[in-house]
Amino acid sequence: MVRFFSYMPFRAVSTALFALCLVAAVSAGARAQGLDGSADAWVDPWDAPAVDDAGMSTADAPGSAAAAADEIDEVPVAQSVAPTLGSNAVQRMDRAIALYEKIRSWGGWPRIPQGEKLELGITDRRVALLRERLVAGGDMTASKADPFLFTPQVDVAVKRFQRRNGLKPDGVVGPRTLEMMNVPVSRRIAQLRQNRSRLVEMVAKVAGSKRYVFVNIAAQEVEAVADNRVEFRQRVVVGKRDRQTPELSSAISSVILNPYWFVPKSIAVKDKLSKIKADPGYLKRAGFKLMAGWGATAREINPYSVNWSADTFNRYYLRQDPGKWNALGRVKIDFPNQHAVYLHDTPTRYLFQLSSRSFSSGCVRVKEVRTLASWLLEGKDGWNRARIDATIAKGYLQAVSLKQAVPIHLKYITAWVDGDGMVNFRPDIYNRDSLYSTANAQY
């Protein structure tokens, strides 16, 4: 079926010539570089999974909004060993800014009108604009094919664009992909400049570190870096918009296996109290214990003996013991900070499959966190992955101090150039880019 739409003048020839220069210049540049305690004092850094009567996380239920099939993204994270905060990160950004300035001087790229989704095999006049957009951005080269036909070459280019914009790489130009494509080049230049400032700050911080961990909050990924080379990179889940993961720098001091979760008062009141009032048996089903006292005086309280209309959580607190449904999973990676946040495991695994992963209450959940834990404990009295797995299987709490503290940095970066020379953009999920003044964005 052919769909007819009005479209902007087709500039494929000029943009094609420039795109060839763009791809060559960026690729050449990449090759040249080689590449607990008081709950009252805490913010809400955790988000326990809701558990139904069967003990299953309700968030995992088939058909739940968060598990919508169109959000699933099975593509692995980038395999480049070049760290986001590598020694050449700022130089790569400088080249990208210059190239995007050049794109602007050539007229930028067209805006693609709204309409039905565009995908492989479709014939649509908007595909001509799509081709022009992809050529101008360096995602494909010009072709003599029917400009209105969505060919396999266009499909590959759309997937490339989606990957570098943090979208599900399915080759389908739906609303989210279209929105990202229609961001004007002038906004992308401003975004690159803002994030260059962030990179300058962070590259200086990691310059003297032989080993460090970097969490890019906006990209929702973590990197473990040694000798300016990424040895572990994986997806993470970060804070919701109303419970944002903070930016900070600290040093990882210990790894906790089979951790307890002491539920902060604010979360207990906001997220748990109404369920307990309706049915005190909820606590047992969800794996919580009602506790009083600390240390040697700690004792479990029968929830049916409590007047739940009183100010209960000034006298009692909730605790989840180590186990399958503990909100922290089986591993907690600890580092001192005023926000009481940390990295941890999670029983809610499907969230790592989503292209947008801002669901926590501030802490950072890490996919394959045991691998990261073994990396951190490298050289510490035989604490390898096998020993970590064996200790977790025993089910008891064990805290393991690192042989040497490892710096960790949590930073919000929405644009960068990776080790393959590909310019990456991510949605500004916390609207933090707008907090940067024009002055801060200049250099």
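Biologist: How many helices and strands does the protein chain have?

Modeller: This is a predicted model. Its protein chain has 11 helices and 17 strands. Of the 443 residues in the chain, 53% are buried. The accessible surface comes to about 19,200 Å², and carbon and sulfur atoms account for 54% of that surface.

Biologist: In what order do the strands of the open sheet with β7 stand?

Modeller: The general idea is that strands of a sheet pair through backbone hydrogen bonds, in a parallel or an antiparallel manner. Here four strands form an open sheet in the order β7-β10-β8-β9, with antiparallel pairing. The edges are taken by β7 (261–262) and β9 (299–301); each has a single partner strand, so one side of each is left without a neighbour in the sheet. As an example of the pairing, β8 (residues 288–292) is joined to β9 by three bridges in the antiparallel sense.

Biologist: Is strand β3 enclosed or open to the outside?

Modeller: In a regular strand, side chains alternate between the two faces of the sheet. Strand β3 (residues 211–216) has six of its six residues buried, so it is largely enclosed by the rest of the structure. R211, V213 and V215 point one way, whereas Y212, F214 and N216 point the other way, and all are buried.

Biologist: Which strands pair with β3?

Modeller: With β4 (residues 221–226), β3 pairs in the antiparallel sense over six bridges. With β15 (residues 398–411), β3 pairs in the parallel sense over four bridges. In that pairing V213 stands opposite I408.

Biologist: What is the phi of D227 and of N228?

Modeller: Most residues other than glycine have a negative phi. D227 has a positive phi of about 50 degrees although it is not a glycine, and N228, also not a glycine, has a positive phi of about 60 degrees. D227 lies in the loop between β4 and β5 (229–239), and N228 is found in the loop between β4 and β5 as well. D227 is exposed, with a relative accessible area of 52%, while N228 is partly exposed at 35%.

Biologist: How many residues of helix α3 are buried?

Modeller: An α-helix has 3.6 residues a turn, so residues three or four places apart point the same way. In α3 (residues 126–136), 11 of the 11 residues are buried, so the helix is largely enclosed by the rest of the structure. Among them are R126, L130, E132 and L134. Just after α3, G138 takes a positive phi of about 80 degrees.

Biologist: At what angle do helices α9 and α10 pack?

Modeller: Helix α9 (residues 369–376) packs against helix α10 (residues 385–394) at an angle of about 120 degrees, and their axes are 9 Å apart. The two helices are therefore oblique to each other. The crossing of α9 past α10 is right-handed. To find the contact, look at R370, T371, A373 and S374 in α9, which meet R385, I388, D389 and I392 in α10.

Key
Residues numbered from 1 in each chain as written. Predicted model: local features only at pLDDT ≥ 70, side-chain atom pairs only at ≥ 80, totals over all residues. Heavy atoms only, no water. Pairing = 2+ DSSP bridges. Buried < 20%, exposed > 50% of the residue type's maximum accessible area, 1.4 Å probe, protein only. Areas by Shrake-Rupley, 256 points an atom, 1.4 Å probe, with all protein chains shown as cover. Axes fitted to C-alpha atoms, helices over the stretch in contact; angles between N-to-C directions. Parallel < 35°, antiparallel > 145°, perpendicular 65-115°, else oblique. Left-handed = near helix turned anticlockwise from the far one by under 90°. Contact = heavy atoms within 4.5 Å.
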